[in-house]
Amino acid sequence: MSEPVKLSKVEGIKEASRQLRGTIADELVNGEDHFSGDAIQLLKHHGTYQQDDRDQRGGGNREFIFMVRSRIPGGKVTAEQFLAEFDLCEKYGNGTLRITDRQGFQLHGVLKSNLRDAIRGINEVKLSTYAACGDVSRNVMCCPAPFRNNKVHQQMQETADAVAAHLKPRSQAYYEIWLRDGDENQKVHEEVVEEEPIYGKTYLPRKFKVGITLPEDNCIDVYTQDLGLLAVVENDEIIGYNVLVGGGMGMTPAKKDTFPALAKRMAFITPDQVLDVTEAVVKVQRDFGNRADRKFARMKYLIANWGLEKFKAKVEEYYGQSLPEPHPADVTGVDDHLGWHEQGDGKLFLGVNIDNGRIQDVGDFRAKTGIRTILKKYGMDTRLTALQSVIFCDIDPADRADIESILTDHGIALAETLTPTHRYAISCPALPTCGLAVTDSERVMPDLLSGIETELARYGLSDERVSVHMTGCPNGCARPYTPDVGIVGKARGKYTIYLGGNAQGTRLAYLYDDLVPFDEIPQRLSPVFGLFKAERQDGESFGDFCDRKGKEALTEAVAAAVAE
Ligand code: SF4
C-alpha cells in the first residue's frame with residue numbers, strides 16, 4: 001500500500017476554515033494591526049494580501065499594510081466604479097490606484113483598521129474583491145476592445161462574465177465578514193456552513209487563471225492561462241473555442257523541476273459547452289492536482305505528469321462525452337488597443353498607456369487627476385487592458401480634441417508619442433509591497449526602459465517593437481517568460497534575462513543571461529541588438545531573431561562581437 005500523501009499546511013487551513021471563514025471575523029476586530037498566519041492564507045480568497053512596507057523593515061518592526069484587489073471580468077469598469085476606486089485609494093490606500101496585468105484594480109497600503117470599509121466601498125459600486133486571489137478561479141480575462149457593432153466581442157465578454165459567475169465561490173463567508181453591519185459579524189460561527197458545489201471543502205490546489213480572446217488579437221496572453229479559450233470565428237460569429245490547458249508562468253529556481261509553461265491545445269468546443277467543459281477542467285484539477293507541495297500545484301504540473309491525452313480523457317469523463325480535436329485556428333497577432341479607434345457605432349474609443357498600471361499624481365505626470373477629470377466630465381465606460389492601460393469608450397468624435405488636451409495637460413502621453421518599448425512594457429509591483437519580491441521591478445522599470453531605448457537608438461532601432469516584461473522574482477506575475485525580453489529578479493539588484501519570446505505570446509523565451517546587475521542589463525542587451533540589426537531577415541522581429549539564433553549561437557556571436 002502506498003503511503004498517504006502529506007498535504008501542505010495551506011490545505012489544512014482551508015479544510016478547517018468552514019468555507020473560508022476561519023478566524024477572519026474575530027481578528028478583524030481584535031485591535032491588532034495584522035492577522036495571524038492561518039487567517040492570512042484565507043484572506044487571499046477574499047481579495048486581499050497582508051503585506052508590510054519592506055523599505056521600513058528593520059529592528060523587528062513591520063508596518064502592516066494590505067493590498068486589496070478587485071476582480072473585474074474583462075476589465076469592464078463604469079465611470080462611477082473607476083471614480084469610486086480613486087476615492088478609496090485616497091481615503092484608505094496610499095493614494096495610487098494600480099491597474100493589474102489581469103485587468104483588475106489594486107489598492108495598496110490599506111491599514112487593517114480600514115480594510116472592511118475599503119472592501120465595502122468596492123462592493124457599493126457593484127465591484128467585488130471576492131476570489132480576486134486565492135486557490136480559486138481568479139479574474140477571468142477577455143479581450144477588452146469595445147467594438148459595439150461587433151457580435152464577436154460582445155459574445156466574448158458575455159462568455160467571460162458567464163465563466164466568472166459560474167466559477168465564483170458560493171460560500172457566504174465573504175458577505176458575512178465584509179458586508180454585514182457591525183455586530184452581525186460576530187455571529188459568523190453560528191452560521192450554517194455550506195459546501196461549495198464546484199470547489200468542495202478545500203477549493204483548488206492553487207490559483208487558477210482563465211482567459212478568452214481571438215486569434216488575431218492575443219492581448220490577454222491566452223497561452224499563459226491555466227485555461228485559455230481561443231475563439232473560432234466564422235461569418236462574424238463565434239462558432240466555438242479552442243480549449244488550451246496548463247499554461248502558467250511561475251517557477252522556483254531552487255526547485256529544478258519547476259518551470260514556466262505555455263498551455264497545450266486540448267479540444268474544440270461549441271459556445272454552449274463552455275461552462276460545463278470549464279467546470280470539468282476545474283474539477284479534474286481539484287481532484288488530481290498536487291496538494292502536497294504548492295510549488296507543484298498548478299495544473300501545468302498535472303498535465304506534465306499525466307500527458308495531455310490522459311488529462312483530456314479525464315476531462316471527458318467528468319464532462320460526460322468526448323471532445324473533438326482543436327480547430328486549426330491559432331494566435332496570429334496582438335493589439336495593445338492604444339490610440340484612437342472607430343468603435344463601430346459612430347463613436348470612438350481611446351486607449352491610453354499607463355506606465356506599469358500605476359495611476360498617480362507625481363510631478364508633471366498627473367494621471368489620476370487627468371483620468372478623474374475626463375470621467376467626471378464625460379462619464380463614459382472604460383476597459384482595463386492586460387498591458388495595464390485604460391480604454392475610454394463611447395467618445396463622441398466632437399469631444400476628441402478636448403479629451404486629448406485634458407490628457408496632455410496632465411502629462412499623460414498619447415499613443416502616437418510613445419516609444420514602442422513603452423507601449424508593450426509591463427511590470428509587477430515587487431518591492432516595497434510584495435512579500436515574495438527578491439528585488440525591485442516597477443520602481444526601476446523607467447530606468448530600465450530608458451537604458452534599453454538608448455541601446456536600441458544606438459543601432460537605429462528606436463521604432464522597433466521590443467516587448468519587455470519585468471518581475472521582482474521568478475513567480476512571473478507580469479508574464480516575463482513570453483515577451484521579446486523578460487527581466488526576472490533573481491537576487492537583490494540582480495536579474496535573469498530571457499530572450500526569444502514574442503509580443504504575440506506564442507513562444508517561451510530561453511534563459512540568456514543570469515544574475516546580471518541591474519545597471520548592466522542594457523549593456524548586456526546592446527550587442528544582441530547590434531547582431532539583430534546586422535543579421536535580421538526581412539520582417540523579422542527581435543524575438544523571432546533571438547529564437548532563430550538560439551541561445552548557444554547567440555551567446556557565441558555576442559562574445560565574438562564584444563571581442564572585436
Ligand atoms: Fe511579487 Fe514576484 Fe509576483 Fe512580482 S512576480 S508581484 S515580486 S510574487
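Colleague: A residue counts as buried if its relative accessible area is under 20%, as exposed if over 50%, and as partly exposed in between, with a 1.4 Å probe and protein chains only. What is the relative accessible area of Tyr495?

Modeller: The structure is a predicted model, in which local features need pLDDT of at least 70, side-chain atom pairs count only at pLDDT 80 or more, and totals for chains, interfaces and linings use all residues. Residues are numbered from 1 along each chain as its sequence is written, and side-chain values use heavy atoms, with hydrogens and water left out. Tyr495 is placed in strand S21 (residues 494-499); strands (E, at least two residues) and helices (H or I, at least four) are DSSP runs, numbered from the N terminus. Tyr495 counts as buried because its relative accessible area is 1%.

Colleague: How many residues apart in sequence are Gln157 and Gly75, and how far apart in space?

Modeller: Contact means heavy atoms within 4.5 Å. Leaving aside residues up to four places away in sequence, Gln157 touches Pro73, Gly74, Lys76, Cys142 and Arg383. Gln157 and Gly75 are 82 residues apart in sequence, and their C-alpha to C-alpha distance is 9.7 Å.

Colleague: What distance separates the C-alpha atoms of Val163 and Val5?

Modeller: With residues up to four places away in sequence not counted, Val163 touches Val140, Val210, Val274, Leu275 and Thr278. Val5 lies 158 residues from Val163 along the chain, and the separation of their C-alpha atoms is 32 Å.

Colleague: Is helix H9 largely enclosed or open, and which residues of H9 are buried?

Modeller: Helix H9 (residues 299-306) is largely enclosed by the rest of the structure, because 6 of its 8 residues are buried. These buried residues pack against S9, strand S10 (264-269), helix H8 (274-288) and helix H10 (308-319). After H9 comes Gly307, with a positive phi near 90°. The buried residues of H9 are Met299, Lys300, Tyr301, Leu302, Ile303 and Trp306.

Colleague: At what angle do helices H4 and H11 pack, and how far apart are their axes?

Modeller: Axes are lines fitted to C-alpha atoms, for helices over the stretch in contact, and angles run from 0 to 180 degrees between N-to-C directions. For helix H4 (residues 79-91) and helix H11 (residues 367-378), the packing angle is about 145° and the distance between the axes is 10 Å.

Colleague: Which residues make the contact between H4 and H11, and how many of them are charged?

Modeller: H4 contributes Ala79, Phe82, Leu83, Phe86, Asp87, Cys89 and Glu90, and H11 contributes Lys368, Ile371, Arg372, Leu375 and Lys376.

Colleague: How many residues has the largest nonpolar core, and which have the most contacts inside it?

Modeller: A nonpolar core is a set of buried Ala, Val, Leu, Ile, Met, Phe, Trp, Tyr and Cys residues joined through side-chain atoms within 4.5 Å. In soluble globular proteins, nonpolar side chains tend to be buried together. The largest core has 115 residues, and those with the most contacts inside it are Phe82, Phe311, Ile371 and Phe392.

Colleague: Which residues does the second, separate core include?

Modeller: Phe392 of the largest core touches residues including Leu348, Ile371, Ile374, Leu375 and Met380. The second, separate core has 32 residues, and among them are Leu448, Leu449, Tyr512 and Phe545.

Colleague: Is Asn356 buried or exposed?

Modeller: Most residues other than glycine have a negative phi, and most peptide bonds are trans. Asn356 has a positive phi near 60°, and its place is the loop between strand S12 (348-352) and strand S13 (358-359). Because its relative accessibility is 9%, Asn356 counts as buried.

Colleague: Which peptide bond is cis?

Modeller: Pro432 lies in the loop between strand S18 (426-427) and helix H14 (445-458). With omega near 10°, the cis bond runs from Leu431 to Pro432.
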